[in-house]
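Hi,

Here is the structure I promised to pass on. Have a look at it first, and my notes follow below.

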Amino acid sequence: MINEYKPYIDRLKSSGLRATKQRLAICKMLFGRSETFHFSIENLKKIFEKNTKNRISLATLYNTVNAFRKNGYLKEIYLKGNKTFYDTNTKNHHHFYDEDMSQLIDIEDKNISINYLPKTPSGKKIKSVEVLVKIEDNN
């Protein structure tokens, strides 16, 4: 049982967090998946409470997620209107944003072509280029 949680305990410790039952459950929920996971804090709260049948404070979620983000385990993606998503895939990559479902969907790099980038302001360089394509239902 301890060996099952060792990677999660290590990730929590490296992020400066104690390995409480709630944090272990959060960590397993985020990083125990085979696929990329996109989430908002509110969405994570619902998933956590549904899967564990326990309540969790938003403060615990924010603090845990922020510690993972600061340590490079999560990527933060800002959208208009104070909407923030987090992504377990921390590499530079592109997304669809489904406005109807309030959901991010990865786009494979091979499906994006950028032929021209503007000249950067003096003293600045391009850090990364990530495309966000907003989508909505046809009707």
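Predicted model: local features only at pLDDT ≥ 70, side-chain atom pairs only at ≥ 80, totals over all residues.

Serine 102 sits in the loop that links β4 (94-98) to β5 (103-107); strands here are DSSP runs of E, at least two residues, and helices are runs of H or I, at least four residues, numbered from the N terminus. Its phi is positive, about 50°, although serine 102 is not a glycine. Most residues other than glycine have a negative phi. Serine 102 is partly exposed, with a relative accessible area of 28% (buried is under 20%, exposed over 50%, partly exposed in between, with a 1.4 Å probe and protein chains only).

Residues are numbered from 1 along each chain as its sequence is written, and side-chain values use heavy atoms, with hydrogens and water left out.

Lysine 53 also has a positive phi, near 60°. That residue is in the loop between α3 and α4 and is exposed, at 70% relative accessible area.

What about those two helices? The axes of α3 and α4 come within 10 Å and cross at roughly 115° (axes are lines fitted to C-alpha atoms, for helices over the stretch in contact, with angles from 0 to 180 degrees between N-to-C directions). From α3, Ile41, Glu42, Leu44 and Lys45 meet Leu58, Leu61, Tyr62 and Val65 of α4, contact being heavy atoms within 4.5 Å.

Now the inside. The largest nonpolar core has 23 residues, and Leu30, Phe39 and Leu44 have the most contacts within it (a core is a set of buried Ala, Val, Leu, Ile, Met, Phe, Trp, Tyr and Cys residues joined through side-chain atoms within 4.5 Å). α1 (2-14), α2 (21-31), α3 (41-52) and α4 (58-70) each supply at least two of its residues, with the largest share, six, coming from α2. A second, separate core of five residues includes Ile77, Leu79, Phe85 and Tyr97.

Is lysine 75 buried or exposed? This residue of strand β2 (residues 75-79) is buried, with a relative accessible area of 11%. Beyond four places in sequence, lysine 75 touches several residues, among them Phe85, Tyr86, Asp87 and Glu130. With the side chain of glutamate 130, its side chain makes a polar contact at 2.9 Å (a pair of N or O atoms within 3.5 Å; within protein, one must be able to donate a hydrogen and the other to accept it, and residues adjacent in sequence count only if both atoms are side-chain atoms).

Cheers
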